[in-house]
Amino acid sequence: MVSNTDTKANNLMKKKLLIFALIMFVFGFALVPFYEKFCEVTGVNNLLQPDVRVKENRVDEARWITVELDANTRGLPWQFKPLQSSVKIHPGEPVDVMYEITNNSDREINGQAIPSYSPRNLEKYLKKFECFCFTKQVLKPNETRQMPVQFVIEPDLPPEIHTVTISYTFFELPDGASAIRK
Amino acid sequence: MAAVHGDAHSHGHDDHHPSGIMRWVTTTNHKDIGTMYLWFSFTMFLVGGFLAMGIRAELYQPGIQILEPELFNQFTTLHGLIMVFGAIMPAFVGFANWQVPMMIGAPDMAFARMNNWSFWLLPVAATLLVSSFFVPGGAAAGGWTFYPPLSVQGGLGVDLMIFSVHILGASSIMGSINIITTILNMRAPGMTLMKMPMFVWTWLITAYLLVLVMPVLAGTVTMLLTDRHFGTSFFNAAGGGDPVLFQHVFWFFGHPEVYIMILPAFGIVSEIIPTFSRKPLFGYSSMVYATASIAILSCVVWAHHMFTAGMPTVGQLFFMYATMLIAVPTGVKVFNWTATMWQGSMTFETPMLFSIGFIFLFVLGGFSGVICAIVPIDIQVQDTYYVIAHFHYVLVSGALFALFAGAYYWIPKWSGRMYNETLGKWHFWLSMFFFNLTFFVQHFLGLAGMPRRIPDYNLQFADFNMVSSIGAFGFGLTQLLFLYIMISCIRSGEKAPQKPWDGATTLEWTHLPSPAPYHSFEKPPVVN
């Protein structure tokens, strides 16, 4: 159209920039696995960090801690309860507790639990070796399942803490959704 | 702000274009599109401003008077989104459309039809965004940064916002592809990169930043959308996703975004200060390198928005130092502007006043930025009015003042008429006074602990909030004066000479009459 407009060069440039934009779009999605890997390698996100059992367990037998177990459901017709509402333990001692879910509805439902702890910062001292949270649970109509939780509360828990609460909330997982651990 | 091209045909061009509304819908002329961008952004500025007035009216005194908390949150959210994506960004693209071809001696933008398309996406996006107030559940209310879980849980308004951001992103990407290609491929013979006006340089770098981060934002809102409707769990904690991941991805876009909104402002000011100091820009090449350094650094500082979200100390330290490092190239720029004025024969017309006001207040906003960058202080002021004060100092007295400066500076070239200098000066001084009345006290409110995005507050904050609200009403009204000045300039201003500013040196002043003809530089000028 005009003297210093080189349409060919312009279109080439446009193509390159569009491809670059497309790469950046994909890069946005690539940040997700990258972030998870980064957190796993550096141990930044302790939700993604598996706990390992320490061989020499130091058990503080002089101390008693009450662990209250709590269970909730949000928006799915399941019954969810711990088989014991609380346990008294020594810090450093491995503990096994059992939770139970029942699907009261007449359809198959996928659910997943997320944990919540109290007091604040308890997760620093709580090591779980076996847990059902972040794992997809598929329950057929009227099916019941018992799920164990194995954990240790480390002896360096601040001395002023005598009671802790471990709480789980089950959410419905829509079909096709992937849990963080299969 | 807009130009009248009614007499465009009289320049003897033989190509006919439709008249009336179809002229604007189908236009591929960079000047028409620039004009539409500017009017669009000013309209959105008024809409966003209306929301700001609502926020300040509610905060005028403690208690809930006007806006219920849900609606208040919608106001703060949409105020942010509209001002960032609807007002400031399109305004700078409008400037780029008008000025880039004229300043590099190109006949038009590289892709004229794509240019039309990237403008006309904007009203669609804006309609989606504004109409979300009227859907069940109201507009998005989780803040302009739309963090999950709120943005995963919200209603239809959030979906409208997501689509709107998609469209705005597409528009920005097309716009910046156009600008990059125009600048790199269509400069007049003899205009090497290092001879380009600073405004063109800053836009070149801004456009690269846009192509870099806008697609990431598009990806982020896409993930949000699939989390909401298609069962994925990128950010949805109930499905094992991580809301903190959203913050990382969002701010990977969001921090370069704030430089996208300020670099063209630096460019405008770098044109105006030399003109009214009647001296060439001091340290031109250091200015170019400073702009590039700011752009590069802006991509590695995002997590300073997230110091309280949970991060290892080493991460906090890295992002803190990287953020503070940005003060160095920014300091180079401020030094260069000051040195340009040094011993210049300065005059203080409205563009110059706004530019000096820009430097003064932007430096204040920059300082509070360095303060926010310091981790222990940031943990204290996170989500308080201190942060609100900080970013309004860089976005209102930074980006917006530079836009005003640019509008006054170039309106004679665009419309062929002069604005009313006395009223322009009134506009500046009233803006200056009311702006500081509004936002300076917010530093104190923030340091005292007043949280942002809350419609009610403790009695101890009452006096400063009243002062701030009065300032905001004054600032809002003052902008109507700007509208009046621009309209009366376009309709009945005095005829402007080709070069009303005797210190101006760029091509649009030296080679083109006022108003700039509808088609300019069809034969490229030769630059020595």
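Student: By its relative accessible area, is B:Arg23 buried or exposed?
Tutor: This is a predicted model: local features need pLDDT of at least 70, side-chain atom pairs 80 or more, while totals for chains, interfaces and linings use all residues. Residues are numbered from 1 along each chain, chains are lettered from A and ligands numbered from 1 as written, and side-chain values use heavy atoms, without hydrogens or water. The relative accessible area of B:Arg23 is 12%. Under 20% is buried, over 50% exposed, in between partly exposed (1.4 Å probe, protein chains only), so B:Arg23 is buried.

Student: Which residue does B:Arg23 meet in a salt bridge?
Tutor: A salt bridge puts a side-chain nitrogen of Lys or Arg within 4 Å of a carboxyl oxygen of Asp or Glu. Here the N to O distance is 2.6 Å.

Student: How many residues apart in sequence are B:Asp383 and B:Arg452?
Tutor: Their closest N and O atoms are 3.7 Å apart, in a salt bridge. B:Asp383 lies in the loop between helices H13 and H14 of chain B, B:Arg452 in the loop between H15 and H16, so the pair ties together parts that are 69 residues apart.

Student: What is the relative accessibility of A:Arg107?
Tutor: A:Arg107 forms a salt bridge with A:Glu172 at 3.4 Å. A:Glu172 is partly exposed at 30%. A:Arg107 also counts as partly exposed, at 40%.

Conventions. Helices (H or I, at least four residues) and strands (E, at least two) are DSSP runs, numbered from the N terminus.
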